[in-house]
Amino acid sequence: MILSCSNISKSFGSDTILENVSFHIEEHEKAAVVGINGAGKSTLLKIIIGELPADSGEVVVSKGKTIGYLAQHQDLESSRTIYEEVLEIKRPIIQMEERIRQLETQMKDAEGDALESMLSEYSRLNHQFELANGYAYKSEVTGVLKGLGFTEEEFTKPVNTLSGGQKTRVSLGRLLLSNPDIILLDEPTNHLDMESIAWLENYLINYSGSVIIVAHDRYFLNRVVKKIIELDRGHSQVYLGNYDEYSQKRAMIRQAQMKAYLNQQQEIRHQQEVIAKLKSFNREKSIKRAESREKMLAKVEVLEKPTEVNDAMSITLEPRTESGNDVLTIRNLGKAFGSLNLFQHVDIDIRRGERIAVIGNNGAGKSTLLKIIMGMLPADAGEIRPGARVHVGYYDQEQQVLHPEKTIFEEIQDAYPDMDNTRVRSVLAAFLFTGDDVFKKISDLSGGERGRVSLAKLMLSEANFLILDEPTNHLDITSKEILEDALNHYTGTVLYVSHDRYFINKTATRILELTGQTFINYIGNYDYYLEKKEELTRIYTGQTGSASSLSSKTAGPLAGLTAGSVSSSSLSEKEESAGKQDWKAQKEEQARLRKRQNDLKKTEEAILNHETRMEEIDQLLASEEVYTNVSRLMELNQEKETLTRQLEELYEAWESLAE
């Protein structure tokens, strides 16, 4: 064990973020911390690294082990170039190399004991230099920078002129090259394109140290990690396996927890009904029984209802009208910015019902394509023709369609004035805005919250052609899963830009990769794209002009598949037989329930009759005519004892039937 967190708790004011969070990390282990936005993932990393103090609990790192940490946001203000800044992390090796060169020069003129001493130091330093991979440190720096998406031309850029995303990549490069025993990464893939993410995956998979990652990139987590630490309402739960395995186990556990909760709630309601009924009999015995049950019920440890955000947030995307089969036709499209040629001679046909993902490296022109389609940018050449009855809904990754001065409630109500307050609130609740949250100003929202507001507006538009620019940016994993489900059930057409490979894999029926100033067509999801990438890239980039013609008629990986060998007649016979058995069992169960209800009713009537007769006997026993007649007195007392005994048996029978 290289790292242990025991009972970590942290609150900010009255908000408890972490409560008794415990887990451990083994040497060489790769783990992820997951949870919805605000669950405390970044807070936990900051506590581990020592940037934030925990309110209670303990973080223990094995003696002599080093930790490296990459925060989400970097603010490097160095005047060094990118290459110099990253190379600086190799300063000890550089100094060692300088000393070795110095010794080589000095030893030429040295002799005797001085030479012997220099030779000894030279030998020792050479050994250390070799162990530290000193002969390859420059190529190692170059490899990491290129892997993180920097070109050699960019190596000479001053760090203080870079964007926030570029600075984060520089910091990530420094961290990886420092080679700590434990790496903590907070959203490392946010500013990387697909190629760089794939490179980082392989780097971390082969990394000799331990890694803890906070990330929303599920494809990345699937490949890299073998342990998931889930944060939910401040508590932690550890799952072994990658993200898919965690997701399956979590679903099973939540299902079992919900079943146990619902069963207990049903039993509590039932016991309360039994207690009320026993009290209504208004007899000493029945009241005692009711009180006994009340005491038992008070001792029950009531289960907390499991929270599942998927249940709270649901999106229904449904077009108001159906478009024609030809949704969008693009011919001979071209776009360049000065000497930067993005794409030329592009032909694209989009058909109704397709879900098309546009992928490619950062700056390749993916978002530019969407903006040209939307009329936000002019094309240099070509034409774009929308089909019949096409109504477009557009989602901008920068959420420029929102009004910062409005509240969330006003944003929706002003866009759809025919909606009443109840409908507006129910729609916002579907996107996790409840209570007073709906009165937050757009300007005060986080990126993820703005994204959810934009998606809410998009849902209400009832468009039949959705154009989405990075729809999963700033969404937590749960929100991504909900959006995936909504798009998969959407009967309209979708064209979107995304670098979220898991999202693409779950939703895309076709992929357009922008590479080499052209779009390469893949009829399938991301897994299919990976399988065919090398082959199709070679074919497409070796052609010109018509190579960019991307019709949905291209045969996909499922072409030619046929049904299995089981005959429909044998299946129908089995289904008919199973149906008869189910019907018989259902009728038997209904008959059993009817009999129990009848028995329960008869028992209640018998209890009522017995109680009525006992009240009559009590009145008779109080009359002078009876208590002066010994034989009549004994007869009534005996009858009362019999009724009391029978009533006790009836109470037991009623409770048994009521259960």
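Buried means under 20% relative accessible area. The legends below describe close-up views of a predicted model.

**View 1. Thr81 sits in a loop between a strand and a helix.** The loop joins the two elements on either side of Thr81, strand 5 (67–70) and helix 2 (82–87). Thr81 counts as buried because its relative accessibility is 17%, which falls under the 20% cut-off. Leaving aside its neighbours within four places in sequence, Thr81 is in contact with Phe155, Thr156, Lys157, Pro158 and Val159.

**View 2. Strand 10 pairs with strand 11 and with strand 13.** Strand 10 covers residues 326–337 and runs antiparallel to strand 11, with 8 bridges joining the two. Within this pairing, Asp349 of strand 11 stands opposite Thr329. Strand 10 and strand 11 form a hairpin, and 2 residues lie between them. Gly338, in the turn, has a positive phi of about 65 degrees. Strand 13 (residues 381–386) also pairs with strand 10 in the antiparallel sense, over 5 bridges. Here Arg331 has Glu383 in strand 13 as its bridge partner.

**View 3. Ile504 belongs to the largest nonpolar core.** This core has 94 residues. Those that touch the most other members are Leu185, Leu204, Ile213, Leu221, Ile504 and Ile511. Not counting residues up to four places away in sequence, Ile504 touches Met194, Ala357, Ile359, Tyr496, Ser498, Ile511, Asn525 and Tyr526. Another core, of 25 residues, lies apart from the largest one. Among its residues are Val346, Ile348, Ile350 and Val390.

**View 4. The second largest pocket is lined by 32 residues.** About 640 Å³ of space lies in this pocket. Which lining residues lie nearest its centre? They are Asp193, Glu195, Gly360, Asn361 and Asn362. By class, the lining has 12 nonpolar, 12 polar and 8 charged residues.

**View 5. Helices and strands both supply residues to the lining of the second largest pocket.** The helices that each supply at least two residues are helix 5 (137–147), helix 7 (194–205), helix 8 (218–224) and helix 18 (526–541). The strands that each supply at least two are strand 11 (340–351), strand 12 (355–360) and strand 17 (510–515). Which element gives the largest share of the lining? Helix 7 does, with 6 residues. Strand 11, which lines this pocket, is also the strand that forms the hairpin with strand 10.

Methods. Residues numbered from 1 in each chain as written. Predicted model: local features only at pLDDT ≥ 70, side-chain atom pairs only at ≥ 80, totals over all residues. Heavy atoms only, no water. 1 Å grid on protein atoms, 1.4 Å probe; cavity = no way out; pocket = protein on both sides within 12 Å on 5 of 7 lines; lining within 4 Å. Points joined across faces, edges and corners; volume = space filled by probe spheres on them. Helix = DSSP H or I, 4+ residues; strand = E, 2+ residues; numbered from the N terminus. Nonpolar A, V, L, I, M, F, W, Y, C, P; charged D, E, K, R; others polar. Core = buried A, V, L, I, M, F, W, Y, C linked by side-chain atoms within 4.5 Å. Buried < 20%, exposed > 50% of the residue type's maximum accessible area, 1.4 Å probe, protein only. Contact = heavy atoms within 4.5 Å. Pairing = 2+ DSSP bridges.
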